[in-house]
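Please open the structure in your viewer and keep the sequence panel beside it. The tour below goes from the whole chain to single pairs of side chains, and each stop tells you what to select.

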Amino acid sequence: MSLYYMASIVLGAILLWLPISHHGDIGLSEALFTSTSAVTVTGLALADTGAAFTVFGQAVIAALIQLGGLGLMTFAVLLLGALGISVGMPQRLVLREDLNQTSLSNLTYIARMILIIAVACEAIGAALLALVFVPEFGWSGLWQAIFHSISAFNNAGFALHPDSLSQWVGNPIINLVIPVLFILGGLGFIVVGDVFRTRSWRKLTLHSKLMLVGTAVLITWGSVMFGLLEWRNPETLGHLSAADKLWASWFQGTTPRTAGFNTIETGGMHDSTSMLTMTLMLVGGGSTSTAGGIKVTTLFVLLLATVAFFRRQTTLHAFGRSLGVDEVMKVLALTTISMLLVLTGIFVMLINHDGQFIDVAFEVTSAFGTVGLSRGITGELDGIGRGIIMVIMFVGRVGPLAIGFFLATRSVPKVKYPAGQIYLG
C-alpha cells in the first residue's frame with residue numbers, strides 16, 4: 001500500500017512542477033512537499049496555495065487530497081468495477097489494509113459507500129460555502145467553495161487564502177459548514193454509514209458509540225479550554241467581539257482533530273494552548289476516516305484499560321459490551337509506536353532548529369497527525385527540515401494504516417515459555 005501512496009506523491013509532484021500548475025515560483029522541492037502534504041491530507045504548505053498555484057495546480061492538489069483522503073485503492077476498486085473488471089485477491093488484500101478491515105467480505109460495498117458519502121457531503125458543503133464565496137469573489141468563488149469543501153471533508157486543511165479562513169472568523173456559515181464537513185470526515189465512513197442505516201442509538205455498533213461520544217467530549221473540551229486560555233490574548237481572541245470569540249473558540253477547538261484550518265493567528269497562541277492543540281492533534285479522528293492521529297477509539301480504550309486496572313478487572317466494559325486483552329495490546333502497540341515516532345521526529349528536527357522547541361514540536365505533531373496547523377515555521381524549513389516533515393507526514397498517514405493491518409492479523413505462537421515476573425511502578 002505504501003508504494004501506491006509513494007507513486008501518487010511522485011506523480012503529483014511532477015504535475016505540480018509543470019509550468020501550467022504555478023506562476024513560476026514553485027521548484028521541484030516545493031512541488032514534492034506540496035504533493036506529499038496533499039496525498040497525506042495534512043495541509044502544511046511552503047507557499048500560499050491560492051497565489052502560488054494556478055487553477056490547474058489547485059485542481060491537481062484537490063485531486064490528490066481526494067485520492068489520499070478516501071484511499072487510493074477505494075478509487076482503484078471502483079474504477080475496475082465500473083469497467084467490468086473483476087477485483088482480484090491482491091487488490092482485495094490491499095483494499096482491506098487501506099480500509100483497516102479484518103475481513104475480505106463486503107469490501108466493494110464499503111468502497112462504494114465511502115464514495116457516495118464523500119460526494120454527497122462535499123456537494124452539499126460546496127453549495128453552502130458558495131453562499132459566502134460567490135457574492136464576495138464572483139463566479140471564481142464557486143471554485144473556492146468546491147476546493148474548500150473537498151479540503152474540509154478530507155481533513156486536509158489546504159486553503160486558498162494566506163490567512164486560511166481568518167477573514168471569516170465570525171461568519172456563521174463558514175464556522176458551521178467547514179467544521180461539520182471535517183467532523184463527518186473524521187468520524188469515519190463506517191460510523192456515518194452506521195448512523196444513516198440504523199438511525200437509533202441502541203442499534204449502533206460499539207465502535208460507532210465510542211466514536212460519537214469520544215468526538216463530542218474532545219470537541220467540547222477543546223473548544224471550552226481554547227476559549228478560557230485565549231480569551232484575553234490580544235494576538236488571538238483578545239481583539240474580537242464576544243460573539244466572534246465564541247465562534248473562534250468553537251472552530252479552533254474542533255480543527256485540531258486533523259482538519260488544519262484556522263480562523264485566528266496560530267502562531268500567537270499561548271504555549272499552554274499550543275500544548276492543548278498538540279494533544280488533540282495527536283489523538284486525531286476515527287478509523288476508516290480521512291483523519292490522522294492515533295484515533296479516538298485508541299484513546300478511549302486506553303482510558304478504559306486504566307480504569308479497569310484500578311478496579312482490578314480483567315476485561316473492559318463500554319455500552320454493554322466487553323473488550324478483551326487483545327484490543328488493549330493493539331492500542332498499546334499503536335500508541336507506543338506513534339509516541340516514539342513523534343519524539344524521534346522532534347529530536348531530529350531540533351538538531352537543525354535549536355531554540356524553537358514549541359514551534360518544532362507543534363510542527364512535527366501536526367505532520368504526524370496529518371493536521372496542517374503550524375506556528376509559522378513551515379516556510380522557514382531548510383531542505384533537511386522539509387525532508388523530515390515529509391517523512392513524518394507520510395508515516396503519519398500510511399504508518400497507522402499499515403500498523404492497524406498488521407495488528408489485525410492473528411498469529412498463534414508455536415512455542416510457549418514459562419511465566420516470569422517483573423516489577424513495575
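Begin with everything selected: buried residues make up 53% of the 425 residues in the protein, where buried means under 20% relative accessible area, exposed means over 50%, and partly exposed lies in between, with a 1.4 Å probe and protein chains only. This is a predicted model, in which local features need pLDDT of at least 70 and side-chain atom pairs count only at pLDDT 80 or more, while totals for chains, interfaces and linings use all residues. Residues are numbered from 1 along each chain as its sequence is written, and side-chain values use heavy atoms, with hydrogens and water left out.

**The whole protein**

Switch to a cartoon view, and you can follow 17 helices and 2 strands; helices (H or I, at least four residues) and strands (E, at least two) are DSSP runs, numbered from the N terminus. If you then show the surface, the accessible area comes to about 19,400 Å², of which 68% belongs to carbon and sulfur atoms; such areas come from the Shrake-Rupley method with a 1.4 Å probe, and for residues only the protein chains shown count as cover. Of the contacts in the protein with a separation of 6 or more, 70% are between residues 24 or more positions apart, a contact being heavy atoms within 4.5 Å.

**The nonpolar cores**

Next, select Ile117, Leu129, Phe153, Leu165, Ile174, Ile178 and Phe261, which have the most contacts inside the largest nonpolar core, a set of 35 residues. A nonpolar core is a set of buried Ala, Val, Leu, Ile, Met, Phe, Trp, Tyr and Cys residues joined through side-chain atoms within 4.5 Å. Which elements give two or more residues to this core? They are α7, α8 (140-153), α9, α10, α11 (206-230), α13 (271-283) and α14 (296-310), and α7 gives the most, with 9 residues. Zoom in on Ile117, which touches Phe153, Phe189, Val192 and Gly193 when residues up to four places away in sequence are not counted.

**Aromatic rings**

Now look at the rings of Phe, Tyr and Trp (its six-membered ring), which pair if their centres lie within 6.5 Å; planes under 30 degrees apart count as stacked, over 60 as edge-to-face and the rest as tilted. By this rule the count comes to 7 aromatic pairs. Select Phe133 and Phe137, whose ring centres are 6.3 Å apart and whose planes stand at 35 degrees, so the pair is tilted. Both residues lie in helix α7 (residues 107-137), 4 residues apart, about one turn of the helix. Phe133 counts as buried at 1% relative accessibility, whereas Phe137 is partly exposed, with a relative accessible area of 29%.

To see a charge beside a ring, select Arg199 and Phe196: the charged end of Arg199 sits over the ring of Phe196, 4.8 Å from its centre. A charge sits over a ring if NZ of Lys or CZ of Arg is within 6 Å of the ring centre and within 35 degrees of the ring normal. In another such pair, the charged end of Arg312 sits over the ring of Phe309, 5.5 Å from its centre.

**Salt bridges**

Side chains of opposite charge can pair when their charged atoms come close. How many salt bridges does a search of the whole structure find? The search finds 3, a salt bridge being a side-chain nitrogen of Lys or Arg within 4 Å of a carboxyl oxygen of Asp or Glu.

Select Glu30 and Arg386, whose side chains meet in a salt bridge (3.4 Å, N to O). Glu30 lies in helix α2 (residues 28-39) and Arg386 in helix α17 (residues 383-408), so the pair ties together parts that are 356 residues apart in sequence. Glu30 counts as partly exposed at 21% relative accessibility, and Arg386 counts as buried at 15%.

Move on to Arg197 and Asp194, which form a salt bridge with the closest N and O atoms 3.3 Å apart. Both lie in helix α10 (residues 189-198), 3 residues apart, about one turn of the helix. Arg197 is exposed, with a relative accessible area of 52%, but Asp194 counts as buried at 2% relative accessibility.

Finish with Asp359 and Arg375, whose side chains meet in a salt bridge (2.5 Å, N to O).
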